[in-house]
Number of protein chains: 2
Amino acid sequence: MAARAKRWRGVRRRKRLQRLMDRFLSNTVSRIDAKGRVSVPAHFRAVVQKRGYSELYALRCLDLPAMDVGGLDLLDRYEQRIALEDPFLQTADDMSFFCHGDGTFLKLDQDGRITMSDFIREHTGISAEVAFVGRGNFFQIWEPGRLAAYGAQARARLLQLRQGTKPGERPE
Amino acid sequence: MAARAKRWRGVRRRKRLQRLMDRFLSNTVSRIDAKGRVSVPAHFRAVVQKRGYSELYALRCLDLPAMDVGGLDLLDRYEQRIALEDPFLQTADDMSFFCHGDGTFLKLDQDGRITMSDFIREHTGISAEVAFVGRGNFFQIWEPGRLAAYGAQARARLLQLRQGTKPGERPE
DNA sequence: CCTATTCCCGTTGACGCCCATAGGGCCCCA
DNA sequence: TGGGGCCCTATGGGCGTCAACGGGAATAGG
């Protein structure tokens, strides 16, 4: 039974490792070369492979100068949102338009690079460098400067949320 | 016999670990070497091992120039918290942006060292030395000077609180 | 025929793996 | 109780591997 317990521990550990590795985390900045190519961070590529994404789908964020990138299950999330809307209203139609029409497929070349098309550049303002931001089940592509600005705003909002807690308290 | 000696050492080490606390306590300052590596204090590594953390999750603190470092459970708690929010509202997005985009994994090398990436240096101001601060279920990474300044502020706040209490009373 | 993409290769720098060494704490024994 | 030896931690550095990146050549497509 010691052996059994050991094996069970092993299985549990493997599951935890899988869970650990299969989400997009952290952020990195990469340079775009003369041909418009940019390396996707190796860690992200590993996650892509682990999740079995054969193709990457990039979607223009509705209210941000960024692209959401992930597998096709990325669409599920947006379609859920559309489903919440009244199908007779304009909103649902607009959402569908953005979701299905404002996306593109990204192809990884042999060296793990993608090409920054004008479609992406126009929406994001990306020119010389690209920031990759992990978001758990997907990741985002930003122009580094805009990312910094938005990140500061997001932090400010979260800090305001915390004002509701007792002063000096640090929720873990 | 070399193997036997090694195993015996291992046994003794494990016994010592049993006596050790299960929490991250006290603080230490370590130097960063030319390659950007820094040794995690041995007693912290012991806690990491005891808790079964296979990899460390590091998060940029919301309002401090420091990193919170802990196991997967740290990230789990954030994600569970996010799950309570309406996924299509700003708050959920901000939270994910924070814990996924501003978080990363740290890998201990074989000698128990981690490398200080720019990701960490930018947020903490760390350059030549690192202060490790135990916080119970996790620990923090600071630039030593900023840690001292923050400690002084915290102490001052506590003093002010105490002056608000009745004279002669000793709040504990 | 020209351009945009894809394939492939070489270079460079970063990182992980390994070993060496010094310094300090602890224990044992004289 | 002081000396000596052992072990462990912190730290430095060599080296091989791999990712990031730049650029030439081949290919497809208009």
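Trainee: In the hairpin of E7(A) and E8(A), which residue takes a positive phi?

Mentor: This is a predicted model, and the values discussed here are computed from it. The residue is A:Gly136, with a positive phi near 90°; the hairpin has 4 residues between the strands.

Trainee: How many bridges pair strand E7 of chain A with E8(A), and in which sense?

Mentor: Strand E7 (residues 129-134) of chain A pairs with E8(A) over 4 bridges, in the antiparallel sense. Within E8(A), A:Trp142 is the residue that stands opposite A:Ala131. E8(A) also pairs with E4(A), over 3 bridges and again antiparallel; there A:Gln140 is the bridge partner of A:Asp68.

Trainee: What is found on the faces of strand E8 of chain A?

Mentor: Both faces are covered. A:Phe139 and A:Ile141 lie on one side, A:Gln140 and A:Trp142 on the other, and all of these are buried.

Trainee: In what order do the strands of the open sheet in chain A follow one another?

Mentor: The sheet has 6 strands with antiparallel pairing, in the order E1-E7-E8-E4-E3-E5. Strand E1 (27-31) and strand E5 (103-106) are the edge strands, as each pairs on one side only. On average, neighbouring strands are turned by 25° against each other, direction ignored. Inside the sheet, strand E3 (residues 56-60) and strand E4 (residues 67-70) of chain A run antiparallel and are joined by 4 bridges, with A:Arg60 opposite A:Met67.

Trainee: Which helix lies across E3 and E5 of chain A?

Mentor: Helix H4 (residues 90-101) of chain A does, running at about 140° to E3(A).

Trainee: Over the face of which ring does A:Arg60 lie?

Mentor: A:Arg60 lies over the face of A:Phe119, at 4.0 Å from the ring centre. In chain B, B:Arg60 lies over the face of B:Phe119, at 4.1 Å from the ring centre.

Trainee: What describes a pair of aromatic rings?

Mentor: One gives the distance of the centres and the angle of the planes. Over all chains, 17 aromatic pairs are found. One of them is B:Tyr57 with B:Phe105, an edge-to-face pair at 6.2 Å centre to centre and 65° between the planes. B:Tyr57 lies in strand E3 (residues 56-60) of chain B and B:Phe105 in strand E5 (residues 103-106) of chain B, so the pair ties together parts that are 48 residues apart in sequence.

Trainee: Why does B:Tyr57 count as buried?

Mentor: B:Tyr57 counts as buried because its relative accessibility is 0%, and B:Phe105 counts as buried at 15%. Another pair, B:Phe132 and B:Phe139, is tilted, at 6.1 Å centre to centre and 45° between the planes. B:Phe132 is buried at 0% relative accessibility, and B:Phe139 is buried with a relative accessible area of 1%. In chain A, one aromatic cluster is formed by A:Phe24, A:Phe44, A:Phe132 and A:Phe139.

Trainee: Which residues have the most contacts inside the largest nonpolar core?

Mentor: They are B:Met116, B:Phe132 and B:Ile141, in a core of 22 residues. Elements giving two or more residues to this core include helix H5 (118-124), strand E7 (129-134) and strand E8 (139-142) of chain B. H2(B) supplies the largest share, 3 residues. Leaving aside residues up to four places away in sequence, B:Met116 touches several residues, among them B:Ile32, B:Val38, B:Arg121 and B:Ile141. A second, separate core has 21 residues, including A:Ile32, A:Val40, A:Val47 and A:Val69.

Methods
Residues numbered from 1 in each chain as written. Chains lettered and ligands numbered in written order. Predicted model: local features only at pLDDT ≥ 70, side-chain atom pairs only at ≥ 80, totals over all residues. Heavy atoms only, no water. Phe/Tyr/Trp six-rings, centres within 6.5 Å; stacked < 30°, edge-to-face > 60°. Buried < 20%, exposed > 50% of the residue type's maximum accessible area, 1.4 Å probe, protein only. Lys NZ or Arg CZ within 6 Å of the ring centre and 35° of its normal. Pairing = 2+ DSSP bridges. Axes fitted to C-alpha atoms, helices over the stretch in contact; angles between N-to-C directions. Contact = heavy atoms within 4.5 Å. Core = buried A, V, L, I, M, F, W, Y, C linked by side-chain atoms within 4.5 Å.
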